[in-house]
Amino acid sequence: MDAFEKVRTKLETQPQEEYEIINAEIKHGGFVYYQEGCCLVRSKDEEADTDNYEVLFNLEELKLDQPFIDCIRVAPDEKYVAAKIRTEDSEASTCVVVKLSDQPVMEASFPNVSSFEWVKDEEDEDVLFYTFQRNLRCHDVYRATFGDNRRNERFYTEKDPSFFVFLYLTKDSRFLTMNIMNKTTSEVWLIDGMSPWDPPVLIQKRIHGVLYYVEHRDDELYILTNVGEPTEFKLMRTAADTPAIMNWDLFFTMKRNTKVVDLDMFKDHCVLFLKHSNLLYVNVIGLADDSVRSLKLPPWACGFIMDTNSDPKNCPFQLCSPIRPPKYYTYKFAEGKLFEETGHEDPITKTSRVLRIEAKSKDGKLVPMTIFHKTDSEDLQKKPLLVHVYGAYGMDLKMNFRPERRVLVDDGWILAYCHVRGGGELGLQWHADGRLTKKLNGLADLEACIKTLHGQGFSQPSLTTLTAFSAGGVLVGALCNSNPELLRAVTLEAPFLDVLNTMMDTTLPLTLEELEEWGNPSSDEKHKNYIKRYCPYQNIKPQHYPSIHITAYENDERVPLKGIVNYTEKLKEAIVEHAKDTGEGYQAPNIILDIQPGGNHVIEDSHKKITAQIKFLYEELGLDSTSVFENLKKYLKF
């Protein structure tokens with residue numbers, strides 16, 4: 001489960017091949033709640049695509065710079081609606097509560113809210129539970145009521161600084177789950193959706209290395225957990241009144257090399273969204289007869305976009321890829337069939353190819369890759385190549401639609417996504433094999449992927465570029481130190497480059513939470529020495545490097561700017577020293593640090609960043625960028 005909030009992202013392909021991102025929306029009762037301009041609005045379901053809507057709240061009242069709605073929750077009887085509001089240049093958020101009446105009015109606002117959900121108590125009073133985020137950490141849970149019986153009280157505080165808390169309401173709204181977890185361990189408490197003032201019930205006390213998530217149906221808990229052998233996710237169930245681990249019964253197991261992307265529960269079915277051996281599947285489990293139907297999805301698809309669906313008869317979702325906008329699919333339980341959205345067929349399906357190949361790492365492990373290129377490309381060895389990598393936290397490499405990637409493929413580029421160890425594409429063990437004192441496996445995988453690409457005729461080192469963001473910068477920076485000859489140019493966004501010094505600074509907000517991923521160099525000499533072997537900053541030396549473009553954010557709390565600046569300065573010094581030793585005629589690489597204002601971590605849709613990165617890549621490879629920017633205007637609304 002890649003995120004703790006399901007936010008519906010709806011992309012529509014326009015006739016001019018433009019696309020538009022619609023902010024969070026949610027259906028409740030007969031209404032759709034969404035953002036229109038600078039306002040939170042609602043309209044009747046059948047009028048959702050018209051201009052006939054009711055304004056509930058004007059976001060400009062918050063006096064924020066270009067605010068947008070990140071998440072919406074409606075109270076059970078539609079007396080209130082809550083919306084989390086953010087801006088592009090900050091991770092801070094505000095939750096506003098609007099009372100729904102003939103004249104909607106803001107009832108309350110709460111700063112720094114992360115997750116939030118509504119329940120109704122025995123007196124039919126709406127109760128809002130929410131988590132409070134301080135210094136990127138969610139440790140406190142509050143509950144609030146409004147109207148005549150207004151109150152706001154702290155409900156729970158997590159004392160372990162390496163854990164965080166998030167809230168999830170089960171699909172049937174029977175229980176609110178309070179999930180307390182770190183990177184490898186979790187603990188879940190049940191809050192009764194009909195008696196929210198009662199003390200919560202602990203399902204199972206946290207056990208190191210055991211993760212579990214909970215859904216509910218017909219007085220039974222369905223538990224997605226890695227407990228037992230093999231230590232991959234499996235589905236178990238137990239009666240809601242006997243939730244402890246000794247009562248969990250095995251219900252469904254996954255194949256090897258399977259990533260559980262998400263789970264959705266319906267009245268008579270459980271739907272699992274899976275990634276197996278780098279392909280997408282949907283498994284539909286009949287809960288009445290324990291039947292299983294496994295559906296292999298189209299090979300072009302690389303990612304799911306989940307739908308906040310309340311229709312018990314259908315399971316809608318979207319499929320996407322880095323070069324193809326999302327397409328709607330619906331599984332209809334009555335027919336037992338999967339239906340795809342009809343209409344305009346994206347021309348990219350005929351003009352491009354998607355390939356899935358494997359590279360053999362130096363320990364023999366096979367590493368999957370996903371490759372995109374134009375169908376009519378000739379002599380691929382002479383085409384530019386853009387390699388993507390992440391490899392951390394058990395998170396999949398992002399494979400969502402990006403218009404700039406589409407434009408590169410249209411312009412003849414090859415895109416390669418390397419699913420190295422440390423990521424989550426092949427399950428929990430894939431992550432375990434690339435963290436702590438196995439982090440170098442990810443570096444070996446990346447090196448093997450690039451060499452395999454070149455060996456199979458995809459581009460060559462002088463035309464090869466590499467890109468990553470955040471923690472993906474660790475592997476990219478390490479490869480630039482160990483095998484710079486494989487690359488011509490690199491682009492990084494908010495990269496993590498100084499692992500050792502960062503992990504030894506416990507005053508930083510995320511250091512304690514990250515120990516399970518990188519280790520504890522302050523107290524463990526083995527961890528310290530291992531980090532020194534791959535840390536990009538620690539291993540800079542006088543040698544030739546590829547040209548590097550770094551985008552950083554001035555007030556980024558996740559990856560402090562200081563570490564990026566120190567890395568850049570040390571790298572430039574090493575390049576100057578190498579140039580002196582090499583003599584005249586040496587063409588030094590370009591090292592560019594572009595510091596953007598704001599406190600966000602990664603701004604995916606920044607047109608300025610996209611333009612700067614593409615311009616840098618074309619200039620470094622000596623390519624004409626005229627047509628690529630003309631084509632980009634088709635997709636981005638500048």
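**View 1. Asn-226 is buried in this predicted model, with a relative accessible area of 7%.** The model is predicted throughout. Asn-226 sits in the loop that links strand E20 (220-225) to strand E21 (234-239). The Asn-226 side chain makes polar contacts with backbone atoms. A polar atom of this side chain lies 3.0 Å from the backbone oxygen of Gly-209. The backbone nitrogen of Leu-211 is 2.7 Å from a polar atom of the Asn-226 side chain. Leaving aside residues up to four places away in sequence, Asn-226 touches Gly-209, Val-210, Leu-211, Thr-231, Glu-232, Phe-233, Lys-234 and Leu-428.

**View 2. Four strands form an open antiparallel sheet in the order E23-E24-E25-E26.** Strand E23 (258-265) and strand E26 (292-296) are the edge strands, each pairing on one side only. From one strand to the next, the twist averages 20 degrees. Strands of a sheet pair through backbone hydrogen bonds, in either a parallel or an antiparallel manner. Strand E25 (residues 279-286) and E26 run antiparallel and are joined by five bridges. Within this pair, Val-282 stands opposite Leu-295 of E26.

**View 3. Helix H8 (residues 525-534) has buried residues His-527, Tyr-530, Ile-531 and Tyr-534.** These residues are on the same side of H8, because they cover an arc of only 100 degrees around the axis. An α-helix has 3.6 residues a turn, so residues three or four places apart point the same way. The cover over the buried residues of H8 includes helix H4 (439-455), helix H5 (472-482), helix H6 (499-503) and helix H7 (515-518). A side-chain contact marks the start of H8. There, a side-chain oxygen of Asp-524 comes within 2.9 Å of the backbone nitrogen of Lys-526.

View 4. A disulfide is a covalent bond between the sulfur atoms of two cysteines. With a cut-off of 2.5 Å between cysteine sulfur atoms, the count is zero disulfides. Cys-39 is buried, at a relative accessible area of 16%.

Conventions. Residues numbered from 1 in each chain as written. Predicted model: local features only at pLDDT ≥ 70, side-chain atom pairs only at ≥ 80, totals over all residues. Heavy atoms only, no water. Pairing = 2+ DSSP bridges. Helix = DSSP H or I, 4+ residues; strand = E, 2+ residues; numbered from the N terminus. Axes fitted to C-alpha atoms, helices over the stretch in contact; angles between N-to-C directions. Buried < 20%, exposed > 50% of the residue type's maximum accessible area, 1.4 Å probe, protein only. Polar contact = N/O pair within 3.5 Å; in protein donor to acceptor, adjacent residues only side chain to side chain. Contact = heavy atoms within 4.5 Å. Arc of directions from axis to C-beta.
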